[in-house]
Amino acid sequence: MNSISQPSWLDNAIFYEIYPQSFFDSNGDGIGDINGITAKLDHIMELGCNAIWMNPCFASPFGDAGYDISDYYQVAPRYGTNDDIKRLFDEVHKHSMHILLDLVPGHTSVEHEWFKRSMKAELNEFTDRYVWTDSIWEEPQGMGCIRGISDRDGSCAVNFFSHQPALNYGFYAPDPDKKWQQSTDSDGAKATLEELKNIMRFWLKMGCDGFRVDMAGSLVKNDPDGKGTIKLWQDVRRFLDEEFPDAAMVSEWGEPDKSLQGGFHMDFLLHFGPSHYNDLFRCAEPFFSDRGKGDVSEFVRKYIESYERSDRKGLICIPSGNHDMDRLARSIHGDNLKIAFAFLLSMPGAPFIYYGDEIGMRYVEGLVSVEGGYGRTGSRSPMQWDDTKNAGFSTAAADTLYIRQDSSIDRPTVKAQKADPSSLYNEIKKLISIRLTHSALQSKGRIEFIYAQKNEYPLAYLRTAENEKILVIINPADRHTEFECEYIINDKVYSIGGEANVNNGRITVPPRFAGYYTIK
Ligand code: NOJ
């Protein structure tokens with residue numbers, strides 16, 4: 001799977017994640033919309049991001065913020081129309097940017113017409129669209145299920161929340177005693193996969209540039225090593241290579257050795273599972289803290305393992321946050337936010353900046369769950385643009401906003417941060433422009449860790465491309481640190497917090513510091 005088509009724009013892509021309901025409300029109804037995104041493309045471009053991932057925007061009852069789709073071919077009316085999104089694609093391209101939609105292949109909403117037909121007792125085109133047992137008294141083990149609401153005698157497996165029935169892509173090793181477990185080449189499983197391709201074809205033809213794929217590793221059931229799911233995505237890859245070779249595919253899988261084999265271009269580092277991502281940003285003693293009590297070593301160990309095991313290097317994407325985790329600014333403060341971005345923007349793979357993280361938007365505490373957000377709701381509050389009503393997000397009455405905003409007097413806004421040369425926004429803007437002009441710092445530049453010791457600071461790594469070697473040193477701790485290093489520092493590319501000094505093969509690093517240096 002080494003020779004797959006790869007759009008060249010991914011090599012220096014820097015993504016901005018947009019949660020459409022919370023970005024900008026163009027029609028004053030209290031919720032963000034597609035035309036609102038189109039109106040704010042300049043913000044994304046000015047920051048320096050050149051690509052967008054937009055969370056699901058399709059018809060849905062919104063029991064899981066749109067990850068419960070009821071029609072894959074229609075933009076949700078609350079966000080606008082298919083014509084609006086077509087216009088958004090065109091405007092994105094006019095701004096020399098690219099946009100990925102969110103593809104949700106694993107499950108639908110219970111309100112999807114397919115599911116309604118699938119619940120019927122009589123056989124029909126959708127009988128095998130989902131994973132059903134053949135008796136209401138038998139539950140699909142380990143998967144959770146929907147039962148007792150259909151005329152059909154059976155229980156339907158779910159993929160996430162209990163209102164998200166699992167689509168049927170078959171079982172890798174069907175249990176011969178459970179006739180309802182279909183194989184991956186059964187007619188039902190094949191029909192689901194063909195429909196998935198139709199959905200992709202529909203949006204790619206309209207002008208989107210590819211997909212972020214939700215729970216990409218979960219499609220084939222009874223598939224502990226992911227072999228069946230990898231094969232499924234290889235089939236999708238052949239389809240894309242033939243019909244849409246420029247489409248970009250980024251997986252929410254968290255196992256790049258598997259997803260890249262499946263033909264994805266990039267895989268997300270997940271905030272759950274074995275990645276140790278949370279050790280850096282979201283735990284009691286994060287590495288990015290001036291207390292300096294964190295530990296980066298397990299993260300680095302796991303990162304190297306995934307990096308070495310993926311046959312095409314450098315394609316693990318590290319997000320600043322997303323709609324599923326706490327805001328970065330909930331646990332990282334002050335200059336350490338800037339230092340965290342100096343790290344994120346100098347790692348291989350495309351960085352993903354979650355909307356609002358560029359201004360340090362805070363987690364809004366104490367919110368009641370909105371549309372299946374639960375604890376995630378506080379990270380999904382409406383964008384803070386300026387000092388006008390609702391921080392410029394919407395002209396609706398404040399108490400009708402889709403999610404309540406951060407109400408603190410000193411809440412960060414785009415307007416204020418743009419005007420302040422020492423703001424987080426301006427630091428990130430600077431870091432992005434540095435990344436865009438140094439190929440060693442971009443997605444495919446090689447990485448070699450120079451210093452990442454247990455419970456020690458700093459973190460140091462070398463990024464390398466054909467003509468360039470850049471040493472990155474990151475010291476969030478509020479104390480001087482030093483480490484042995486055979487390299488001689490040449491020119492400074494970037495620093496915050498002072499300068500690193502070389503003395504007899506040792507580099508001394510000031511407190512709360514990040515620096516990029518070319519080396520001899
Ligand atoms: C992952 C998505 O990021 C999350 O928001 C969603 O709830 C689940 N997948 C289910 O689709």
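The model is predicted. Across the protein chain the mean pLDDT is 96, and 99% of the residues reach 70 or more. Where pLDDT is low, the predicted coordinates should not be read in detail.

**Ligand site**

- The ligand takes up the space of the largest pocket.
- Around the ligand are Asp64, Tyr67, His107, Phe160, Arg212, Asp214, Met215, Glu252, His323, Asp324, Arg376 and Arg380.
- Sorted by class, this shell holds 7 charged, 3 nonpolar and 2 polar residues.

- Aspartate 324 has a polar side-chain atom 2.5 Å from an oxygen atom of the ligand.
- Histidine 107 has a polar side-chain atom 3.0 Å from an oxygen atom of the ligand.
- An N or O atom in the side chain of arginine 376 is 3.0 Å from an oxygen atom of the ligand.
- On its own, the ligand has 300 Å² of accessible area, and the protein covers 98% of this.

**Backbone details**

- Most residues other than glycine have a negative phi, and most peptide bonds are trans.
- Asparagine 222 is not a glycine, yet has a positive phi of about 50 degrees.
- The loop that holds asparagine 222 runs between strand E8 (210-213) and helix H6 (227-243).
- Between tyrosine 457 and proline 458 the peptide bond is cis, with omega near 0 degrees.
- Proline 458 is placed in the loop between strand E13 (446-451) and strand E14 (459-465).

Note on methods
Residues numbered from 1 in each chain as written. Predicted model: local features only at pLDDT ≥ 70, side-chain atom pairs only at ≥ 80, totals over all residues. Heavy atoms only, no water. Near = heavy atom within 4 Å. Polar contact = N/O pair within 3.5 Å; in protein donor to acceptor, adjacent residues only side chain to side chain. Areas by Shrake-Rupley, 256 points an atom, 1.4 Å probe, with all protein chains shown as cover. 1 Å grid on protein atoms, 1.4 Å probe; cavity = no way out; pocket = protein on both sides within 12 Å on 5 of 7 lines; lining within 4 Å. Sits in = over half its atoms within 2 Å of the grid points. Nonpolar A, V, L, I, M, F, W, Y, C, P; charged D, E, K, R; others polar. pLDDT = per-residue confidence, 0-100. Helix = DSSP H or I, 4+ residues; strand = E, 2+ residues; numbered from the N terminus.
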